[in-house]
Amino acid sequence: MTGQRLRVVVIGAGLAGLTAAVELAAAGADVVVLEARDRVGGRMHGVEVADGVVADGGAAYLGVQHTELLRLIGRHGMRLASTGMVGDSTFLVGNQRMTTAGRVPPLDPIALGDIFDKLEDLVDLVRPDAPWLTPGAAHLDRLSAASWLADEIQRPDAKTFFPLFLGEMMAADPAAISVLHMAFYLRSGGGIQYLNAFEGGAQQWRIDGGAHLLCEALAAQLGDRVQLRHPVRAIDQDGDGVDVLSVSETDGAWSVHRADRVVVAIPPLLAQRIEFRPGLPAPRATTATGKGCAVKVQLGFPAPLWRELGLSGWSVSTGGPLLSTVDDSPPDGSAGVLTGFVTGEEATAFSRLSPPDKLAAALAHTRKLFPSLPAPAQCTVTDWLAEKYSQGCYAALFGPGDWLRLGPTLTEPHGRVHWAGTETSLEFFGLMEGAIRSGNRVAAELTVIASGADDSRKVLAR
């Protein structure tokens with residue numbers, strides 16, 4: 001088939017947008033990617049923690065079920081680093097510090113078993129292909145996870161553990177999400193056991209050198225088709241095409257990008273800020289839609305010194321700010337990297353602190369967890385709640401009422417506007433794998449449109 005090449009503007013140079021752009025360009029489309037930041041990667045971001053050592057300030061971990069991500073990693077010749085841990089775990093329960101060989105906090109096992117049983121019942125109930133059609137969806141979507149906890153769970157240790165678990169899995173404050181969203185997220189990601197596991201689970205590996213390298217490799221395939229510091233303000237459609245209006249953050253100049261189709265591959269809270277003409281028939285986010293509540297703290301040491309003390313670097317605390325830590329040191333041991341996670345309600349409070357106070361709070365907590373370690377050589381804080389062009393991490397939080405209102409139109413095109421991003425994926429929602437699958441999906445949508453499903457528009461050249 002010959003004819004006019006499909007012109008596509010992709011908004012967002014995160015993993016979803018770059019995946020879609022590369023696939024469309026390979027199919028012969030004329031692609032431009034507009035990115036608001038001065039870098040590619042979105043919620044995948046490398047931060048330097050020592051000379052030549054970069055850690056994941058954003059998305060980091062993957063497992064065997066993440067087949068599309070593994071395929072891309074292999075295609076670009078990248079290596080995986082195991083997250084396997086040797087040594088004892090550290091737990092800070094109240095003001096009591098203890099170390100044990102296990103990975104589960106030393107809380108009442110009966111209480112933890114009870115809460116996991118109840119969560120599994122919810123996960124089994126939810127429809128992963130259409131959460132809004134789950135039996136009892138209206139009730140489950142109205143009910144916050146915090147209200148569910150108050151109604152269903154009585155044991156104190158289970159109430160202590162629940163926000164720690166949701167913070168680790170979803171970067172969520174239980175008060176900010178619906179029970180339907182909680183159950184769907186856990187089901188979509190492969191189930192509670194898979195999501196929660198390092199060895200054999202969703203946290204088995206990370207990309208050696210940082211996950212951001214994958215986005216940089218995808219962007220390199222596109223070259224100057226990726227335009228940085230170009231936030232999009234409006235999208236205008238007419239009978240013949242679509243105009244995307246962006247403004248350069250370098251010189252303030254406005255640009256109009258004419259296209260046949262647009263792919264919006266940014267988080268829903270950001271997509272909702274774009275002015276669409278004609279307007280959207282359904283919102284991308286509501287007043288209940290929340291930011292993913294995650295802040296990552298990277299502590300750099302000359303070597304993984306905790307290993308010499310028989311510790312794995314893994315810790316869990318019942319109080320903040322660092323609710324958990326993990327050893328993210330490079331495989332060659334050229335530096336020691338402890339990554340601390342501040343999530344849920346703790347992240348919201350932590351984000352309000354001044355930069356010096358954040359640093360002081362993180363270091364004070366580290367001294368409680370690992371009193372025998374020297375002070376880190378470097379401490380880096382990546383506050384996703386404060387990121388203008390992310391609006392949180394790991395992913396947007398669907399609050400009460402969101403799934404019934406937003407779910408049915410998550411992937412439904414608005415005329416010439418199509419949607420990508422991990423929040424549009426019903427598989428591995430909120431994860432890198434979900435982002436890639438959403439990019440593949442939207443690229444396939446446009447390829448079908450271009451290849452002759454509409455005979456009046458022969459738009460892909462071969």
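Student: Is the crossing in which helix 5 passes helix 6 left-handed or right-handed?

Tutor: This is a predicted model, in which local features need pLDDT of at least 70 and side-chain atom pairs count only at pLDDT 80 or more, while totals for chains, interfaces and linings use all residues. Residues are numbered from 1 along each chain as its sequence is written, and side-chain values use heavy atoms, with hydrogens and water left out. Helices are DSSP runs (H or I, at least four residues), numbered from the N terminus; a crossing is left-handed if the near helix is turned anticlockwise from the far one by less than a right angle, and right-handed if clockwise. By that rule, the crossing of helix 5 and helix 6 is right-handed.

Student: How is helix 5 directed relative to helix 6?

Tutor: Axes are lines fitted to C-alpha atoms over the stretch in contact, and angles run from 0 to 180 degrees between N-to-C directions. For helix 5 and helix 6 (residues 156-170), the angle is about 155 degrees and the axes are 11 Å apart. Angles under 35 degrees count as roughly parallel, over 145 as roughly antiparallel, 65 to 115 as roughly perpendicular and the rest as oblique. Therefore helix 5 is, relative to helix 6, roughly antiparallel.

Student: Which residues of helix 3 make the contact with helix 5?

Tutor: The axes of helix 3 (residues 109-125) and helix 5 (residues 145-152) come within 12 Å and cross at roughly 125 degrees, which means that helix 3 is oblique to helix 5. Contact means heavy atoms within 4.5 Å. Helix 5 contributes Trp148, Leu149 and Glu152, and helix 3 contributes Ile115, Lys118, Leu119 and Leu122.

Student: How many residues apart in sequence are the parts tied together by Phe184 and Trp403?

Tutor: Rings of Phe, Tyr and Trp (its six-membered ring) pair if their centres lie within 6.5 Å; planes under 30 degrees apart count as stacked, over 60 as edge-to-face and the rest as tilted. Phe184 and Trp403 form an edge-to-face pair, 4.8 Å centre to centre with 65 degrees between the planes. Phe184 lies in helix 7 (residues 179-188) and Trp403 in helix 14 (residues 402-406), so the parts tied together are apart in sequence by 219 residues.

Student: Is Arg37 buried or exposed?

Tutor: Arg37 sits in the loop between strand 2 (30-34) and strand 3 (46-50), where strands are DSSP runs (E, at least two residues). Buried means under 20% relative accessible area, exposed over 50%, and partly exposed in between (1.4 Å probe, protein chains only). Arg37 has 8% relative accessibility and therefore counts as buried.
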